[in-house]
Amino acid sequence: MGIPHRNMSMVPRVLFGAGSFSQLSAILEPKRQGVKAPFVFLVDDCFANYSDVVDQIPTSYEDRIVFVSSEEEPTTEQVDLLVQEIILQFNSIPSGIIGIGGGSVMDLAKAVSLLLTNSGSASDYQGWDLVQSPSVFHVGVPTISGTGAEVSRTTVLKGPVKKLGINSDYTTFDQVILDPNLTIGVPAVQRFYTGMDCFIHCIESLEGTFLNPFSRVHGEKAKSLCEAVFLPSQLSDSEKREYLMMASWLGGISIANSQVGIVHALSYGLSFVKNIRHGVGNCIVIEHLNNYYPKGLETFRRMRDFNEIELPTGICENLSENQWRQITSIALSLEPLWENALGKNWKSLIDEKEIRELYEKM
Ligand SMILES: [Fe+2]
């Protein structure tokens with residue numbers, strides 16, 4: 001017997017194409033559990049005044065649109081509150097949850113749909129395979145490309161003591177709609193940072209010890225799509241939107257069957273202690289990982305310069321001793337990420353002191 005292979009959960013239905021969002025109504029109607037069981041649309045509040053997207057949301061009966069802020073990364077507390085509100089308001093389990101937004105909204109939609117059918121707090125399920133019951137029907141509609149949240153089996157949440165995903169086969173969306181037109185309004189800087197999340201997923205997957213042919217083919221394709229989008233090319237803007245949406249999808253599949261690595265381990269610490277957005281945190285971190293990802297870093301820097309991105313510096317100045325303990329222990333606690341990056345004996349290759357030294361340079 002060798003190592004057991006991963007029986008990977010996948011999104012069973014995906015609709016791709018510019019303008020495909022208009023088919024949402026046809027997708028939802030057969031899934032309605034009755035007039036009293038609404039669909040709840042969790043929508044990034046950047047669309048609150050952008051009627052084009054909101055006007056296309058097909059609400060009927062008791063369906064509800066809830067605008068959620070994606071200024072901050074989602075928390076377990078936010079998930080618990082949303083679930084409580086939904087249960088109090090409707091007195092019944094909704095027919096489905098539809099997340100329309102970036103990675104944070106995708107993660108919120110996944111977590112809320114899980115917690116509607118699993119008791120307790122979202123923080124009880126942060127970890128690997130702790131969820132007991134299938135979630136309610138949930139649909140992901142990404143409006144920015146790169147996080148891979150639309151395809152992953154995790155929902156990353158900040159909890160009271162850690163930032164960690166609810167990793168479960170039940171987390172994966174039942175349906176995803178990939179409509180590149182929904183990403184038209186994304187500011188260039190945000191598009192870069194989120195796109196780099198995807199590029200970094202590919203680097204960490206392709207250079208990790210968990211790499212396998214399944215992850216390799218998806219990761220290689222996603223990486224080359226990112227490079228086509230963020231380095232000089234003949235692509236039109238609409239092609240770039242389509243390519244980046246597919247890169248996010250493929251990069252997500254690549255890490256789902258392997259793992260991310262040191263960039264993500266350190267970035268999770270940064271976002272917990274310094275409240276730095278995931279995409280930005282990844283870019284800050286990779287700048288200092290020349291010893292681990294030299295080829296990826298070289299390409300990253302070309303993309304950074306071509307897109308005229310200035311990364312923040314000095315962000316770990318003035319951390320208290322308590323924050324140092326927190327940031328290093330969060331990074332070190334992500335054991336599968338270190339094992340993927342450095343191999344089975346990773347504990348002999350990295351320690352708290354070295355991690356702190358890396359953070360000090362940021
Ligand atoms: Fe990521």
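These exercises, each with a worked solution, walk through one predicted model.

Residues are numbered from 1 along each chain as its sequence is written. In this predicted model, local features need pLDDT of at least 70, side-chain atom pairs count only at pLDDT 80 or more, and totals for chains, interfaces and linings use all residues.

**Exercise 1. The domains**

Find the bounds of domain 1 and domain 2, then describe how they touch.

Solution. Start with the bounds, which come from an automatic or database domain assignment. Domain 1 covers 13–183 and domain 2 covers 188–361. Next, take the centres over C-alpha atoms: they lie 25 Å apart. Then look at contacts, where two residues count if their C-beta atoms, placed from the backbone, lie within 7 Å. Domain 1 brings 19 residues to this contact, and domain 2 brings 27. Last, sort the residues on the domain 1 side: five are nonpolar, eight polar and six charged. Here Ala, Val, Leu, Ile, Met, Phe, Trp, Tyr, Cys and Pro count as nonpolar, Asp, Glu, Lys and Arg as charged, and the others, Gly among them, as polar.

**Exercise 2. Helix H7**

Check the span of helix H7 and decide how enclosed this helix is.

Solution. Helices (H or I, at least four residues) and strands (E, at least two) are DSSP runs, numbered from the N terminus. H7 has 20 residues, 237–256. The expected span is 1.5 Å times one less than the number of residues. Now test burial. A residue is buried if 20 or more other C-beta atoms lie within 10 Å of its own, exposed if 12 or fewer, and partly exposed in between; C-beta atoms are placed from the backbone. In H7, 16 of the 20 residues are buried, so the helix is largely enclosed by the rest of the structure.

**Exercise 3. Glu72**

Is Glu72 buried or exposed?

Solution. First locate Glu72: the loop between strand E3 (64–68) and helix H3 (76–90) holds this residue. Then count. Glu72 has 12 C-beta neighbours inside 10 Å, so Glu72 counts as exposed.

**Exercise 4. Strand E4 and its partners**

Trace which strands pair with E4, and how its residues point.

Solution. Strands pair if DSSP finds at least two bridges between them. Strand E2 (residues 39–44) runs parallel to E4 and is joined to it by five bridges. Within that pairing, Val40 has Ile97 as its bridge partner. E6 also runs parallel to E4, again with five bridges. There, Ile100 faces Val141. Now the side chains: Gly96, Ile98 and Ile100 point one way, while Ile97, Gly99 and Gly101 point the other, and all are buried.

Continue to strand E9 (residues 175–178). Strand E6 (residues 138–142) runs parallel to E9 over two bridges. Val139 of that pairing stands opposite Gln175. Strand E1 (residues 13–16) pairs with E9 too, in the parallel sense over four bridges.

**Exercise 5. The nonpolar core**

Which residues touch the most other members of the largest nonpolar core?

Solution. Such a core is a set of buried Ala, Val, Leu, Ile, Met, Phe, Trp, Tyr and Cys residues joined through C-beta atoms within 7 Å. The largest one has 96 residues, and Leu42, Val79, Ala111, Val112 and Cys226 touch the most other members. Domain 1 and domain 2 each supply at least three residues to this core. Finish with Ala111: beyond its neighbours within four places in sequence, its contacts include Val79, Leu157 and Ile166.
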